[in-house]
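Please examine the sequence and the model shown below.

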Amino acid sequence: AWIWYFDSPGLQAQYWDEEGNFTQAGGVAMEKLGAVIEKSNQFVEAAESGYTDWIILPQSTNRELELQKGTVLGWHHMDLTLAPGATLSQFLDFMAEKYIPELEKIARGWTIYMMKGDRGEHADDYALMYWIESLEARDRLEPEEGVLTEEGKSAVAGVEPLFNELQELGTWTSEYTDWVIQ
């Protein structure tokens, strides 16, 4: 997967237009990357792919992103259903102000970002991005998909009251993939 990180949507817009096509500056940048892309294509088969531009929500911007080799990026695309009478703002605020900070205290080495799709296949959808310092930090809680260690069970139990309160505002299912930065 390709991940393009921009400090702001304005900077991203310098390289791609509203429809996801390269601007003139984007075309120039891709020409400069041409040799790298050509070399990488020797090792992988080209495939059709879609894209989504995700924006980290303001509630998550007080943290720094640091891409390092070995960092695990857990991408959880959410299918969110709000409870009757609950607002999206209430759900997002509770998630940002109560649930995520408590989960991060318990899950050492994990930072969680709330994101909203801006354009592309998942425009207007929501996602959680788990920024985990290493495979070891992830596996300390969940060494296999769906299998929790004692520390993982303790983490889940530690946020269970907040999770139950969050469920009163909305529920979600998610599909996810853990990516390791190479």
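The model is predicted: local features need pLDDT of at least 70, side-chain atom pairs count only at pLDDT 80 or more, and totals for chains, interfaces and linings use all residues. Residues are numbered from 1 along each chain as its sequence is written, and side-chain values use heavy atoms, without hydrogens and water.

Helices (H or I, at least four residues) and strands (E, at least two) are DSSP runs numbered from the N terminus. Because the 19 residues of α3 (residues 88-106) should span 27 Å at 1.5 Å a residue, the 26 Å between its end C-alpha atoms agrees with expectation; the expected span is 1.5 Å times one less than the number of residues.

The buried residues of α3 include Phe-91, Met-95, Tyr-99 and Leu-103, where buried means under 20% relative accessible area, exposed over 50% and partly exposed in between (1.4 Å probe, protein chains only). An α-helix has 3.6 residues a turn, so residues three or four places apart point the same way. The buried residues of α3 pack against β2, β3, β4, α5 and β5, contact meaning heavy atoms within 4.5 Å.

Asp-124 is placed in the loop between β3 and β4. Its phi is near 70°, a positive value in a residue other than glycine. Most residues other than glycine have a negative phi. Asp-124 counts as exposed because its relative accessibility is 52%.
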